[in-house]
Amino acid sequence: MKTGAKILVESLQREGVEIIFGYPGGQILPVYDELYDSSLRHILVRHEQAAAHAADGFARASGRVGVCLATSGPGACNLVTGIATAYMDSVPVVAITGQVPTYMLGNDAFQESDITGITMPVTKHNYLVKKTDEISRVVQEAFYVAGTGRPGPVLIDLPKDTQTGMAKDVPRADKVVLRGYNPTYKGHSRQIDKVVALIVEAERPLIYAGGGIISSNASTELIALATRMGIPVTTTLMGIGCIPGDHPLNLGMLGMHGTEYANFAVTECDLLIAIGARFDDRVTGKIDTFAPHAKVVHIDIDPAEIGKNKRVDVPIVGDVKAVLQDMLTSIKKNGVHDAWWKKIQHWKQFHPLKCPANGALHPQYIIRTLSDLVKDKAVIVSEVGQNQMWTAQHFCFHNPRTWITSGGLGTMGYGLPAAMGAHFARPDVPVFDIAGDGSIQMNIQEFGTIVANKIPVKVVILNNMYLGMVRQWQELFYDHRYSFTELPPVDFVKIANAYGIEGMRVESPDDVLTALQASLNCDGPFVMDFRIEREENVFPMVPAGAAINEMIGGHPRS
């Protein structure tokens, strides 16, 4: 007989868990007492939201399930933003929360919250465990659900009496079987044949690659298909890294802040092959004008996504890696699309991404300098806003799982704690957090976690003393009426020093490389405060509700 807390810890170990991000409290104390003698590494964050983001960053960088832990009530509620972030981006996370004892449920007890009810819309599944002997089974099921099919977060809520109760530890089952949950991995062969035929017939095909490529570890298959058939590839924000940034077939990101040539290609293609993507509004713009001349193929493991936003001609439900492998087997000859590629090369030549060079300190130059410096030997995490878009546009990513950002929810404050998690997944390479001065202050208390655990995250703050992306919209669409978007100046180097972190302020482009190199030469964390052009904008930009070829801030159409 063992306590529920001990069963929980041992069950986590059986699932291969080595690290947990968490914050203790009264209703989760039995588990924390068990962790005291456990081999599991626990990282004490300074805010529960950071625990969820750190578990998320670990999961994205490693491909494994991340784990976070919090107490009941406010502790559990503070996880919700991080859980929702993981849900929107299909990230496998298991969140474990303490709860008031079962006999107090529903009585508005101290620090009680209905966390399973609160998180129902933003979890793949959740559990309220009322019996100690259910803990082992629930943990195994939670990891299975989180990591299979379309990945996503799962929550386990543990009343205190189930943690202290005694039960026999049930052996781990050889196979998890859940009624009603049976993801489809193998694509339908006839549908695959239809897609292959369309590819062979197409004159202007285009691959639209999303985060499902990363989740499925299907980058090799994607590149093989694109190369064999000569099909250009454009990626979503979440798909960045699935094909090297300097690959000749890569058109970069599409959508609101995508490259001009990617958006032109979508508008003029005659076959759009969407792989592991969900046709979200930031990609499509005005949906009626998205790929208006194309037959649309949509490959996704989640049948609910197919046809949800865009009419599809050939749907394939299945794991994108398995489907692409079958497609490669079915293709009998290589594709040639010289005229199409000539047009795309023309767009790339006359519509490149802009990088100002007028002697001022521009964020695009900082990102490009960092990209040239680290090449493919780093993990890049971002906050949300202009810093995120500049990084997506100007950093050349070579490999999957080296770009980590909040896409669907757009969570400010995500980057710093996610970078902590990414470090534990990839301790072999430097981890950079690209931040804005607004977003870094959302979870800046995690400097304390970084120092306490000797986490060598390098923080690049693109400081314009504005909530930059909101200010950009106010400039362009609200007649420069900057309503509550200007931020007071902050000395981030002094804040970093107060925590015991080295730092450097940079105000000239001549000092950019020096600062970045200094961060790499530092064995510990390092904070760089780059005082960039205050009203720099992210261009090109598709206004909300416009077609994606109606970009502002780009080049004249040639």
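1. Searching the whole structure turns up 2 cavities of 30 Å³ or more. Keep in mind as you read on that this is a predicted model.

2. What volume does the largest cavity have? It comes to about 40 Å³. Its lining is made up of Ser11, Arg14, Glu15, Ser136, Val139, Gln140 and Arg172. Two elements, α1 (4-14) and α7, are the ones that give two or more residues to that lining. The biggest share is from α7, with 3 residues. If you sort the lining of this cavity by class, you get 1 nonpolar, 3 polar and 3 charged residues.

3. The second largest cavity has a volume of about 30 Å³. Around this one you'll find Lys375, Asp376, Ala378, Phe395, Phe397, His398 and Thr402. By class, that lining splits into 3 nonpolar, 2 polar and 2 charged residues.

4. Are the two partners buried or exposed? Lys377 is exposed, with a relative accessible area of 53%, while Asp376 counts as partly exposed at 34%. Elsewhere, salt bridges with shared partners tie Lys2, Lys6, Glu10, Arg14, Glu34 and Asp169 into one network. Arg14 of that network is also one of the residues lining the largest cavity.

5. Back to α7, which covers residues 135-147 and holds both Glu141 and Arg137. How far apart in the helix are these two? They sit 4 residues from each other, or about one turn. Their side chains meet in a salt bridge, with 3.0 Å from N to O. As for accessibility, Glu141 is at 11% relative accessibility and therefore counts as buried, the cut-off being under 20%. Arg137 is partly exposed, with a relative accessible area of 40%.

6. One more pair to check by eye is Asp313 and Arg311, whose side chains form a salt bridge at 2.8 Å, N to O. Asp313 is partly exposed at a relative accessible area of 34%, whereas Arg311 counts as exposed at 57%. How many salt bridges are there by this rule? The count is 23.

7. In what order do the strands run? There are 6 of them in an open sheet, ordered β3-β2-β4-β5-β7-β6, and the pairing is parallel. The edges are taken by β3 (41-44) and β6 (125-128); each has a single partner strand, so one side of each has no neighbour in the sheet. From one strand to the next, the twist averages 20 degrees.

8. Strand β6 is joined by 4 bridges to β7 (residues 154-159), and the two run parallel. If you want a specific contact to find on screen, take Tyr127, whose bridge partner in β7 is Ile156.

Key. Residues are numbered from 1 along each chain as its sequence is written. This is a predicted model: local features need pLDDT of at least 70, side-chain atom pairs count only at pLDDT 80 or more; totals for chains, interfaces and linings use all residues. Side-chain values use heavy atoms; hydrogens and water are left out. A salt bridge is a side-chain nitrogen of Lys or Arg within 4 Å of a carboxyl oxygen of Asp or Glu. Buried means under 20% relative accessible area, exposed over 50%, partly exposed in between (1.4 Å probe, protein chains only). On a 1 Å grid over the protein atoms alone, a cavity is a set of points where a 1.4 Å probe fits but cannot get out, and a pocket is an open set with protein on both sides within 12 Å along at least five of seven lines; lining residues have an atom within 4 Å of a point. Grid points are joined across faces, edges and corners, and a volume is the space filled by probe spheres set on the points. Ala, Val, Leu, Ile, Met, Phe, Trp, Tyr, Cys and Pro count as nonpolar, Asp, Glu, Lys and Arg as charged, and the others, Gly among them, as polar. Two strands pair if DSSP finds at least two bridges between them. Axes are lines fitted to C-alpha atoms, for helices over the stretch in contact, and angles run from 0 to 180 degrees between N-to-C directions.
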